[in-house]
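Let's take a walk through a protein chain together. Keep the picture beside you and follow along as we go.

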Amino acid sequence: MNSDRRIRLWALVVDVARGGMVAVEHVCAASVAVAGVDSAAVAVTLRTTPREVLCASDRIASELEELALTLGEGPCVDAITGGPELVADLAAPECLARWPAFAPAAALAGDRAVFALPLQVGGIRLGVLDLYRARSGGLDGEQLADALVLADTACAVLLDGARPDRDERWPEQAGLQHPEVHQATGMLTVQLGVTAAVALIRLRAFAYSHGRRLRDVAGDVVARRLRFDSTDDARDGEAG
């Protein structure tokens, strides 16, 4: 992905945050601006519950997310387990056949197009960035490229936080360049009996609360200097 694009979009997200800690709602707001859509939301799936909405840019986005949760279908549901769902017209016959409950309900709520982008780190799916538009029509190449970068941004913010400093041009990503994060995630799934997504969030939460980098905490877990337990605590020492 073009580094200039990342830098430009990160600067936009920082501007939206107005000097505060960058959060997923700021990524949502930036997504609306650059993708030419009317609203956006970020939903995660971390435990046995189908999805949890972390942010919605407005009432319509909240209503559409609630429809997806209630009906259990729609582009934003399918994108969590599959690839991006780019739906230019929910009223198209194929959409009505694929999502017979969601498509007409979304139209009644004021939505015509949906662009659902998975939030993913390696093989771990954390959730989805949902973009909604009141009129039909697809994203052009630039809009889609920007939206994909912002989906990565949302994922990075979820996993490792992001300071608002302009000198830090991109939040640290817990991706393939940090194999110790994947190793530690695997160890926590065994220690805690949770999914990989939950284990990754536990790592991130510990790193954030202790003012440390995610990869450094992961390194301590891999080296058995740090062990988590089911009480949401972590302690020093050898793993059993």
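In which strand does Ser39 lie? Ser39 is part of strand S1. Before we look around it, remember that what you see is a predicted model.

Is Ser39 buried or exposed? Its relative accessible area is 2%, and anything under 20% counts as buried, so Ser39 is buried. Leaving aside residues up to four places away in sequence, Ser39 touches Val32, Ser57, Asp58, Ile60, Ala61, Asp130, Leu131 and Tyr132.

Now follow the strand itself. Strand S1 covers residues 39–44 and pairs with S2 in the antiparallel sense, over four bridges. Along this pairing, Val44 stands opposite Glu52 in S2. Strands of a sheet pair through backbone hydrogen bonds, and the pairing can be parallel or antiparallel.

S1 and S2 belong to an open sheet of five strands, arranged in the order S2-S1-S5-S4-S3 with antiparallel pairing. Which strands stand at the edges? They are S2 (52–56) and S3 (85–87); each has a single partner strand, so one side of each is left without a neighbour in the sheet. On average, and ignoring direction, neighbouring strands of this sheet are turned by 20° against each other.

A helix joins the picture here. Helix H3, residues 59–71, packs on the sheet and touches S1, S2 and strand S5 (124–133). The direction of H3 makes about 40° with that of S1.

Next, find helix H8, which runs over residues 179–192. Its 14 residues reach 20 Å from the first C-alpha to the last, close to the 20 Å expected at 1.5 Å a residue. Which residues of H8 are buried? They are Val181, Ala184, Thr185, Met187, Leu188 and Leu192. Just after H8, Gly193 takes a positive phi of about 65°.

Finally, step back to the whole chain. It has ten helices and seven strands, and 48% of its 240 residues are buried. Among contacts with a separation of 6 or more, 58% are between residues 24 or more positions apart. The chain exposes about 10,900 Å², and carbon and sulfur atoms supply 52% of that area.

Key
Residues numbered from 1 in each chain as written. Predicted model: local features only at pLDDT ≥ 70, side-chain atom pairs only at ≥ 80, totals over all residues. Heavy atoms only, no water. Helix = DSSP H or I, 4+ residues; strand = E, 2+ residues; numbered from the N terminus. Expected span 1.5 Å × (residues − 1). Buried < 20%, exposed > 50% of the residue type's maximum accessible area, 1.4 Å probe, protein only. Pairing = 2+ DSSP bridges. Axes fitted to C-alpha atoms, helices over the stretch in contact; angles between N-to-C directions. Contact = heavy atoms within 4.5 Å. Areas by Shrake-Rupley, 256 points an atom, 1.4 Å probe, with all protein chains shown as cover.
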